[in-house]
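The exercises below go with the structure shown next. Each one sets a task and then works through it.

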Amino acid sequence: MDIEELIENFSFFENWEEKYQYVIDLGNKLEPLDAAYKTEEWKVKGCQSQVWLVPHFVNGCIHFAGDSDAILVRGIIAIILLIYNDKTPEEIKSIDVMKIFAKLGLEENLTPSRRNGMLSMVAKIREYADFK
Amino acid sequence: MYDVYKIRKDFPIFDVRVNGKPVAYLDTTASAQKPQAVFDAMRRVYYEFYANPHRGTYYFADAITTAYERARETVRQFINAREAREIVFTRNATESINLVAATWGLQNIHAGDEILISEAEHHANLVPWQHLCEISGAKLMVFPVADDGDYIAEEFLARLNEKTKLVAVSAMSNVLGTMFPIKEITAAAHGVGAKVLVDACQFAVHYPLDVQDVDCDFAAFSGHKIYGPTGIGVLYGKAEVLEKMPPYQFGGDMVENVTFAKTTYADIPARFEAGTPASVQAVGMAEGIKYIERIGFEDIVRHEEELIKYTNQRLVEVPKLKIIGTAKNKGGVFSFAVGNIHPQDLAFVLNKENVAIRIGHHCAQPIVNRMGYNSLARASLGLYTTKEDIDALAAALLKAEKFFREE
């Protein structure tokens with residue numbers, strides 16, 4: 001699935017319950033993160049739940065794996081990874097994630113006042129892109 | 001007759017509709033909503049006689065000085081202190097406790113001494129003492145609570161000895177709701193020559209505090225929790241203890257005589273109130289206190305105790321819900337977990353349903369961990385809380401439980 005398909009899928013939902021049930025489903029399908037990575041070292045700071053993010057650098061692109069102990073956050077992570085995964089650092093830096101989340105109707109998850117840490121996660125992804 | 005619906009009319013915020021619906025505000029433990037009377041009193045100061053207190057010789061300055069000192073007298077009566085000069089205005093309870101740690105603490109706590117706190121303390125009544133121990137070489141001792149969050153006298157007494165110089169304990173836990181027997185604790189502490197600081201932040205909202213009866217040496221609470229504004233707090237200290245304490249901060253208003261060679265300091269409480277005080281906020285806090293007093297603690301306690309029973313009944317209906325902190329003697333604070341659902345997930349659904357609760361470690365990480373969690377959800381009651389608020393909580397929790405139930 002690419003992001004355009006995802007945006008289309010989200011356009012059919014009529015209420016938050018349907019929308020977030022789908023977010024949960026996406027989280028359930030998230031590629032599992034090896035338990036060995038669920039350590040302080042890979043934790044994203046500034047989240048009310050535990051969030052882990054691990055980059056793998058493959059052929060000039062970055063593949064991220066992530067997870068959270070909160071179900072909704074795991075779903076949002078699945079979407080963020082769909083947006084950013086297997087892209088070059090330049091591509092990563094050019095992505096306007098807020099615009100995509102607005103199209104999905106999920107922008108409330110990226111507001112600075114929402115302390116679910118998803119903004120910190122996006123910042124971390126961009127940091128890895130800079131580092132490369 | 002306690003008419004909670006009439007009382008709610010005094011609180012403008014309850015007219016607010018979010019997405020067209022009212023909000024069930026169940027986070028009074030974090031901060032209370034404020035009645036119109038508080039806003040009116042503060043506005044009156046700004047509109048009619050605002051100036052810097054203690055400094056002027058004109059009408060406004062006199063009027064605000066009088067209002068500020070009357071606020072002190074209102075606080076004195078509220079906690080039954082002997083004298084108004086035993087009331088120090090601070091920014092909040094956190095500053096009150098830091099003030100004691102930085103003045104009395106540095107003066108009186110030395111290597112080899114012990115400071116004894118409960119396991120259920122808020123970070124504000126833990127970290128300042130930990131820091132004081134680090135710099136003084138004293139030892140921080142912690143007495144555990146029971147699995148249900150109850151106080152265990154034996155655990156406290158086992159750690160109380162002639163090395164104990166200070167016992168710092170909450171009168172009511174902000175996580176468990178447990179009420180600690182502060183009078184009994186104070187008597188035992190005085191028996192070994194230790195001073196006692198009571199964190200009264202939660203207790204003072206729900207029950208009458210009598211510092212003479214408790215006989216504690218210090219007590220701290222915040223204005224914003226007792227239906228007053230933010231930015232103002234109280235440190236109570238026995239006059240004979242405060243008098244021996246050095247200043248906390250230095251500057252204007254806390255001095256008697258200043259020369260380049262030597263400065264002498266003002267008497268208490270001015271010695272601890274350096275700089276322009278939060279005079280308007282002090283007036284606002286006094287108004288919050290008067291509001292409580294107009295309703296009367298007797299009726300507030302009856303109302304809240306009935307609600308506590310009702311909340312217990314309704315929460316039991318939520319599958320897999322576990323209340324954390326079930327001491328016999330507890331106030332209107334309900335920390336809970338629902339199965340394995342992350343509190344952040346719970347809070348998301350509750351927010352969609354306009355139910356305002358707190359999640360996280362509630363600035364008391366050690367006790368949340370001790371009860372076996374990293375994060376807990378917490379609903380808390382105030383004098384304006386209704387059964388409908390609790391119904392909204394129960395309905396939203398049922399919805400959340402169903403929403404996140406693993407098929």
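**Exercise 1.** Is the crossing of H2(B) and H11(B) left-handed or right-handed?

Solution. The model is a predicted one, in which local features need pLDDT of at least 70, side-chain atom pairs count only at pLDDT 80 or more, and totals for chains, interfaces and linings use all residues. Residues are numbered from 1 along each chain as its sequence is written, while chains are lettered from A and ligands numbered from 1 in the order in which they are written.

Step 1. Locate the helices: H2 of chain B covers residues 36–49 and H11 of chain B residues 279–295. Helices (H or I, at least four residues) and strands (E, at least two) are DSSP runs, numbered from the N terminus.

Step 2. Take the geometry. The two axes come within 8 Å and cross at roughly 150°; axes are lines fitted to C-alpha atoms, for helices over the stretch in contact, and angles run from 0 to 180 degrees between N-to-C directions. H2(B) is therefore roughly antiparallel to H11(B). Angles under 35 degrees count as roughly parallel, over 145 as roughly antiparallel, 65 to 115 as roughly perpendicular and the rest as oblique.

Step 3. Assign the hand: the crossing is right-handed. A crossing is left-handed if the near helix is turned anticlockwise from the far one by less than a right angle, and right-handed if clockwise.

Step 4. List the contact. H2(B) contributes B:Ala37, B:Val38, B:Ala41, B:Met42, B:Val45 and B:Tyr46, and H11(B) contributes B:Val280, B:Val283, B:Gly284, B:Glu287, B:Gly288 and B:Tyr291. Contact requires C-beta atoms, placed from the backbone, to lie within 7 Å. By class there are nine nonpolar, two polar and one charged residues. Ala, Val, Leu, Ile, Met, Phe, Trp, Tyr, Cys and Pro count as nonpolar, Asp, Glu, Lys and Arg as charged, and the others, Gly among them, as polar.

**Exercise 2.** Describe how H13(B) packs on H15(B).

Solution. Step 1. The axes of H13 (residues 343–352) and H15 (residues 387–404) of chain B are 9 Å apart, at an angle of about 125°. H13(B) is thus oblique to H15(B), and the crossing is right-handed.

Step 1. On H13(B), B:Asp345, B:Leu346, B:Val349 and B:Leu350 meet B:Ala396, B:Lys399, B:Ala400, B:Phe403 and B:Phe404 on H15(B). The classes are seven nonpolar, no polar and two charged residues.

**Exercise 3.** Which part of chain A gives the largest share of the side that touches chain B?

Solution. Step 1. Nine residues of chain A contact nine of chain B.

Step 1. Helix H3 (residues 71–84) of chain A supplies the largest share, three residues.

Key
Two residues are in contact if their C-beta atoms, placed from the backbone, lie within 7 Å.
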